[in-house]
Structure formats: C-alpha cells, structure tokens
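Hello,

Here is the structure I said I would pass on. My notes follow below it.

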Amino acid sequence: MTTSRANESFFYTACVNNCGGGSCVLKVHVGDGAVVNVEADDRYNPGVGREDAVLSEEDLLKGRVQSRPCPKAFVFHKACYSADRVIYPLKRAPGSRRGEGKFVKISWEEALGTIAEKMKEARAKYGPYSITTARSPGPLLLRLYQLWGAGIEPWGYSSYDATSMMAHLMAGDSFTSLGERGSSSAADMMANSRLIVVWGLDPAVTVVGGPSHQLAWWIKLCRERGKQVVIIDPRYTASAEVLADQWIPIKPGTDLAMFLGMAHVLLKEDLWDKVFVSKYVEAAGFEKWKNYVLGQDDGVEKSPEWAEGICAVPAGTVRALARLVATTRPAWLWYAYAINRRSHGEQTIKAFAALQAMLGYWGAPGGGPPFFLARRSGIPARVSSGPAGAYQVPKGYRGHNWDQAILLLDKVRNGELSAADYVRMVGWKSGPSVLKDFHPRVLLWSALTMYDCNYLVTTADSVNDGIRALEKMDFIASLAAMITPTAKYADIILPTFQRPFEKRDIAKSDRRGWASVSFMPGLVESPGEVKPDVWIHVKLAEKLGIDPGQYFRYYTTDENWDADWERYLKDCYQEVVSYYRKRNIDVPAWAEFTSGKFINCDELDEPYNAGYAGEIKAGAAFKTESGRIEIYSRYVADADNRGKGEHLDSLGRPYYHLPGDWGDMLPMPVYRPPVRGMDDPLVKEYPLMLLTPHSRYRIHSWLWDGPWLKDHVYQHRVWISPADAGARGIKDGDLVAVYNDRGKVVMPAYVTSRILPGVAVLHHGGKYLPDESGVDRGATPATLLGGDFQSCVTPAKATTVVQIEKFGGER
C-alpha cells in the first residue's frame with residue numbers, strides 16, 4: 001500500500017481475466033472503501049514512455065518492463081458497481097418464466113439449502129449422472145462431485161483445445177504438461193529471429209506474448225531493428241496497417257492449403273531441414289505426408305498453384321514466402337487460435353507444426369512455437385484442498401456441446417438417432433454404461449468470473465439451442481457476478497466476488513509470455529452479501545452432508561474464514577519459495593510479497609524459452625509411441641479405437657482433448673473444405689462467411705453494457721465489403737439483418753474495404769436480446785453459430801456462413 005491523493009491510497013494488483021494475456025499489473029487507487037481510479041503499471045521505469053530507449057538489451061530480455069494493461073482494465077472497476085451486479089442470493093420470482101430476469105432476494109441459507117435439496121432429489125430419482133455442468137470443467141465443482149458421489153462434467157475449455165489435442169498426438173504433450181508444449185516468447189523473437197510471419201493474428205488486439213504481454217509493441221521493436229514482418233489475415237487490421245511490411249489477404253478457413261503449398265516448395269526446391277527431420281520426425285508418417293504433398297497418392301500436387309485455387313493467395317506469393325522462411329533463418333512463425341476455430345481446424349494446426357518441423361524450427365531460438373506461445377511453466381502456486389473423493393467423475397460431452405448433449409438425448413432414447421452418432425456429435429468420452437444412465441436434470445454453473453457466467457453468449461454451440469436445452473432442466477443454479485442473458489435462466493443465483501479488486505489471492509502468469517507471481521491484496525470489500533467462490537462450495541458441500549473441513553482442509557469456522565484463507569495462501573506461496581530454493585534463488589518473504597513485492601520470473605531464469613529443450617537439446621525421446629514427432633497418427637488411423645470412451649496414449653495417459661469418436665478427422669493433415677465455410681454448398685443460400693474475432697474493448701460479453709467503451713469508442717456493427725454491400729443496396733450505418741438457418745440478428749452495417757469480398761465480421765460477445773419474434777437485437781454472433789455435426793468436435797468453432805440484407809423493420 002502507498003499513500004497517494006488525500007483520502008486515497010494506491011495498491012498494485014494483477015488482472016486475471018480470460019483475455020489471452022494474464023496478470024497484467026494494475027495500479028489501483030482506493031478511496032472511501034471503493035476503487036476510484038486504475039492506472040498502468042509503473043513498477044519499472046516510472047515516467048518513461050519509450051522504455052526501450054532507456055533499457056539495455058538484457059533489461060528487455062529479462063522483462064524489466066512495465067506490464068501495461070489493455071484499455072478494458074482501466075474501466076474494470078466501473079463494472080464492479082454496475083446496476084447489473086449481483087450482490088445478494090436470488091431466486092426466480094414466483095410465476096415468472098426463465099429468461100425474464102425477474103428475481104427476488106433470499107438468504108444464503110435458503111439458497112444453498114434449495115440447491116442441495118434439488119441435487120439430492122435428482123440423484124435419488126434419476127441417478128448420479130443427472131447433475132451436469134455447462135462450458136468447461138471447474139476444480140471446485142469437480143471436488144464437490146468427487147466427495148458427494150454424483151455428477152458428470154464436460155471436457156474441453158475453449159480456443160486452444162484443438163491445439164492441445166494436436167500437441168499430444170504429435171509430440172506426446174499431455175494436458176497436464178502445458179509447460180512442455182509452450183515455447184518461445186517476445187524476448188526470443190526479438191533476440192533471435194530475423195523474420196516474423198503470423199497467420200490470423202491481430203497482435204494489437206490479442207494481448208499475448210510478453211514480457212508485458214503487448215506483443216504488438218515487441219513486434220514494433222523488432223521491425224525497428226530491421227526484422228521484416230508479414231501478416232496473413234482476411235482482414236486489413238490495425239496491426240497489418242501499422243506493423244507489417246507485407247499484408248497477405250487469404251480466404252478464411254484455407255490456411256491449411258497455404259501451408260501445404262509452402263511445404264511443396266520446401267520439398268521441390270530442397271529447402272527443408274533433412275537433418276532435423278531424420279533425427280526428430282517419425283519417418284514412415286512423414287513419408288506418407290510427403291507423398292500426399294507431392295501428389296504421389298492422389299495425382300494432385302499440392303503446389304502453390306493448387307493452393308492459390310483454394311486460398312486465393314497468388315502462387316508466386318506462396319512460393320516467395322516459403323523461400324523466405326526457409327532462407328531468412330530463423331523465422332519466427334506463429335498463428336492465432338482463430339485459424340483452428342472451424343471445422344477441420346485441428347488439421348491446420350498439425351500442418352503448421354509439420355511445416356515448422358520441416359524447417360527445423362521446433363525448439364530453435366527465434367523459430368517461434370509449433371503449438372503454444374508460452375514463456376515457461378512449472379512454477380507451483382497452489383496446494384491441495386485435501387484428498388480427492390472416491391467417486392470418479394465421468395467426462396461426458398464436449399463443454400461447448402452441452403446443449404446438443406441435452407437436445408439429442410431424446411432422439412437416442414426414441415430411436416431417431418443411434419448411440420454411435422450421438423457419441424460423435426456431442427464428443428462423448430465416457431462409456432456406454434454412463435450414457436445409458438445419463439439423465440440430465442440439474443445444471444450447475446460454477447462461474448468464477450464476470451465473463452464466465454454468460455455461457456449462452458460466449459461458449460454455447462448456439463444461443464437458440466442453448467435456450468431449448470435450458471428449458472429441459474428441472475433446476476438451474478449459477479454463481480454469477482452480473483445479471484447476464486444466461487443468468488436470467490437460472491432458478492437460483494449465488495453472488496460471487498469480482499477477482500482483481502475484491503479477492504485476496506495469488507496471481508501466477510507463466511504461460512503467455514511474461515512469467516510472474518504477484519499478490520492480489522483484496523483492495524475493497526465486496527458489496528452486499530457477495531461471498532468467495534471457495535466458501536460457497538464449502539457451504540454447499542456441508543448442505544450435502546460433506547464435512548466442510550474435508551472439502552477444504554483449511555476451513556475451521558465461518559468466523560475464521562479470512563484467517564483460514566490466509567493460511568491457505570501462505571502455504572501456496574511457500575510452494576513458490578520452495579521451487580526457487582531448489583534452484584538456489586531467493587524470492588521475497590511472505591510479508592514482503594503481500595506488501596507488493598512481486599516475482600519477475602524472467603529475471604530469475606534464462607532470458608527466453610525456445611521449448612522442447614529436453615528432446616531437441618538433451619536428446620530425450622518425445623512422449624509419443626515412436627519417441628519422435630508424429631505427423632501421421634497411427635492411433636487415429638486405427639478405426640478400432642473409435643468409440644472407446646476415454647483414449648489412452650502409449651504411456652497410459654489420457655488423450656484429454658480427443659473425443660470418443662473424432663468424426664471425420666484424418667490421421668494426417670489433408671486439406672478438405674471446411675463445413676459451413678466458403679466452399680460449402682450452403683453458400684448458395686448464405687453466401688458470406690462470418691468471422692467472429694474478439695474486440696479490443698470487450699472480454700467475451702463482459703463490459704458490453706458499460707458506457708465507457710461504447711459509442712465513440714466501439715460500435716457493434718457487422719463488417720461488410722463495399723462490393724457485397726453495393727450488391728445488396730446497403731450503405732454504411734444502415735440497419736441490416738444477418739441470418740442463416742441457425743438464427744437471425746439485426747444491427748447496423750459497417751461498410752469497409754478492410755475485409756475481403758465474400759467475408760463478414762461480427763465481433764465476439766454481444767448481448768442476447770431477443771424481440772417478440774426471436775430476432776436477436778443484441779446481435780451476439782452465437783445466435784448464428786453451430787450446425788456442424790460431422791467434423792471433429794474438439795475445435796471450438798467460431799465461423800459460419802450467413803446472408804445479409806437491408807432490414808426494413810423498426811430500429
């Protein structure tokens with residue numbers, strides 16, 4: 001704590017939102033018990049605008065720079081005091097319908113008691129698999145299920161699931177070894193690369209890749225040092241305009257074809273790293289893929305000319321780029337998760353990683369990551385809450401497909417749909433006995449942050465299907481910080497804290513490019529009767545007959561909660577201390593740490609992480625069946641492995657992101673037109689491919705209603721090219737209908753030359769606001785998504801096809 005203006009003090013805390021960054025530092029001013037202002041980090045180089053002008057190269061590589069937050073962080077505190085903030089336990093008002101948003105205040109005793117009774121009733125009547133969870137699994141509910149002996153959870157998280165699956169299949173990196181598949185950083189890029197090439201990434205918006213997370217700033221430094229920058233994207237983004245030496249527009253969904261065309265050039269012109277491939281890549285699988293690229297199997301060479309016909313990038317450009325990345329070594333190559341968030345997206349990742357292997361860039365300083373951009377991992381910051389329960393919680397459906405898991409179940413039971421098709425369509429991972437006894441009746445949303453409690457808008461397969469699935473539930477309970485379109489469908493809402501300012505906790509960031517451990521001091525008291533998420537689960541466990549001390553071993557009494565939580569945090573921090581003590585490194589003591597002294601992990605370790613050091617440098621085997629990088633997956637090729645439920649690799653570890661039946665996924669990267677893409681027959685009715693990138697001013701749907709980042713800052717409009725707008729008689733600002741077979745939204749148009757003809761852009765998030773006819777006036781793209789029931793469910797699909805017409809109704 002430091003004193004600032006009269007009646008104010010300022011503190012440092014960490015922003016822990018799900019933005020792709022992680023633990024940016026906030027300088028927070030508190031006065032009269034409330035957050036009054038948020039400033040950027042100034043713990044390094046205070047008062048300096050161009051830090052690179054005053055820092056040495058070593059300082060930059062060691063991350064001695066400010067961890068500056070994005071624009072959203074500066075208005076975060078405004079949302080804490082929003083009228084939509086949930087500050088008391090609520091239940092749906094008697095006589096009201098789900099979705100109306102009519103609630104009445106109740107006590108914690110009534111709220112927790114009601115939830116526990118509904119859970120007990122469902123288990124007694126419908127069995128242990130009647131208690132479900134939407135979106136992604138959470139450790140708090142998982143522990144509750146384990147100890148209580150009932151519940152089923154989803155698998156999968158979000159944007160990077162397809163990447164995780166391919167990292168395991170290709171390199172043996174299991175889900176529990178995230179740090180093993182993370183490599184490179186902005187420091188690595190600046191220190192070692194000679195060329196930067198990125199696909200589908202707008203680094204000025206996507207806040208990843210520090211130190212200090214601001215990848216765009218680091219790319220700017222690289223360009224100022226003479227490194228050429230190439231950006232491949234269907235959009236002419238601000239990053240393409242400001243940072244790139246060359247912008248290459250590409251037909252969305254066809255990056256794989258471009259990778260194949262580049263691989264063809266490497267093979268034909270003898271530009272590939274034969275030594276690396278022979279030493280680290282499984283030979284038979286590489287030969288199969290090589291034959292495919294050269295057309296020896298199907299008679300079609302995947303040449304740049306072939307690629308041009310698919311991705312619309314001129315053959316000469318594909319050929320020149322392949323030569324450039326092979327000769328300007330090392331070239332820092334990476335892609336945004338966006339290019340895999342569509343059907344067959346997993347193969348795009350695999351082709352990119354295969355291309356990186358052909359170039360010998362796996363584990364090479366300055367070569368960029370084959371999978372995850374991550375500074376390093378392995379620094380512990382949590383201790384166990386206690387022994388796990390005996391109940392093995394089955395993983396059923398893909399989290400994004402919860403709605404389909406509910407809606408399609410009746411078709412299985414009445415014979416309209418086979419169990420095998422159901423397993424494929426929802427990503428079912430448990431065995432047939434669990435499916436037989438799967439009777440979903442209760443839905444629990446254990447949302448831990450403001451953005452988590454809006455499943456319908458952020459992660460549902462589609463809004464309309466999501467609502468139909470919600471209506472089939474007997475009971476819905478949700479933890480929520482805000483009244484969102486999703487929370488309006490709950491029967492009970494439990495208010496939880498807002499993390500950066502109200503929760504006392506430890507923030508660890510070591511996956512995104514700037515490795516740090518910081519303290520979140522809990523700057524202000526939560527309003528009303530808001531409670532910590534762990535306390536809520538402890539008390540719900542008690543209502544279910546579980547000893548609260550068994551659920552959370554630090555718990556003694558409600559009165560001692562703050563002291564109990566402090567003991568837990570202190571033990572968590574001791575894990576960090578022990579980690580560094582083994583390396584003969586001193587870190588701040590607990591009192592210093594909680595007073596604001598943080599750990600800059602980049603200062604305490606090597607300046608950059610090229611990744612795969614054990615395999616590439618030390619010669620250890622990859623944790624695959626062959627001990628090498630596997631471009632061709634024999635496990636996927638074996639049809640007998642389909643439908644088994646949970647799959648195990650050659651070391652007996654679960655393939656966490658591999659569904660029970662992986663649909664039409666092939667064992668090696670082969671180009672096929674994406675379902676609901678620009679070459680889908682559906683384009684006859686819906687001729688525009690819709691992209692749904694994140695906005696600079698929103699985190700999913702969070703901050704949507706705040707006036708501070710709206711109007712003159714951000715206007716929610718659908719992007720359409722002048723050619724497509726002119727053909728439809730649409731002018732800039734006109735109200736238009738965007739629709740397909742999944743739903744319909746109405747919103748203003750933004751006519752812009754920044755996107756290719758045939759492409760539309762509707763930014764992720766929005767707010768679901770249906771009118772009387774079901775048209776979404778809040779214009780969330782989730783209203784239009786879904787409908788792909790044939791390709792692998794692991795990629796969290798975020799593209800589709802639509803039609804846009806001038807809207808003749810009322811605004």
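Leu470 sits in helix α21; helices here are DSSP runs of H or I with at least four residues, strands are runs of E with at least two, and both are numbered from the N terminus. Leu470 is buried, at 1% relative accessible area (buried is under 20%, exposed over 50%, partly exposed in between, with a 1.4 Å probe and protein chains only). Beyond its neighbours within four places in sequence, Leu470 is in contact with Arg98, Trp402, Leu443, Trp445, Leu456, Ile476 and Tyr489, where contact means heavy atoms within 4.5 Å. Glu566 is 96 residues from Leu470 in sequence and 38 Å away in space, C-alpha to C-alpha.

This is a predicted model, in which local features need pLDDT of at least 70 and side-chain atom pairs count only at pLDDT 80 or more, while totals for chains, interfaces and linings use all residues. Residues are numbered from 1 along each chain as its sequence is written, and side-chain values use heavy atoms, with hydrogens and water left out.

Helix α21 (residues 463-471) has seven of its nine residues buried, so it is largely enclosed by the rest of the structure. Besides Leu470, the buried residues are Val463, Asn464, Asp465, Gly466, Ile467 and Ala469. Their cover includes α16 (402-407), β16 (442-446), α20 (455-458) and β17 (475-480).

By contrast, Ala320 in helix α14 (residues 315-327) is partly exposed, at 42% relative accessibility.

Next, the sheet. Strands β19, β20 and β21 form an open antiparallel sheet in that order, with β19 (504-509) and β21 (599-600) at the edges, each pairing on one side only. Pairing requires at least two DSSP bridges between two strands; β19 and β20 (residues 516-521) are joined by six. Ile506 stands opposite Phe519 in β20. Helix α25 lies across β19, β20 and β21, at about 25° to β19 (axes are lines fitted to C-alpha atoms, for helices over the stretch in contact, and angles run from 0 to 180 degrees between N-to-C directions).

Finally, the second largest pocket holds about 590 Å³ of space. A pocket is an open set of points on a 1 Å grid over the protein atoms alone, where a 1.4 Å probe fits, with protein on both sides within 12 Å along at least five of seven lines; lining residues have an atom within 4 Å of a point. The volume is the space filled by probe spheres set on the points, which are joined across faces, edges and corners. Of its 22 lining residues, Glu502, Glu525, Pro532, Trp561 and Asp562 are closest to the centre. Helix α25 (residues 561-581) gives the largest share of the lining, four residues.

Regards
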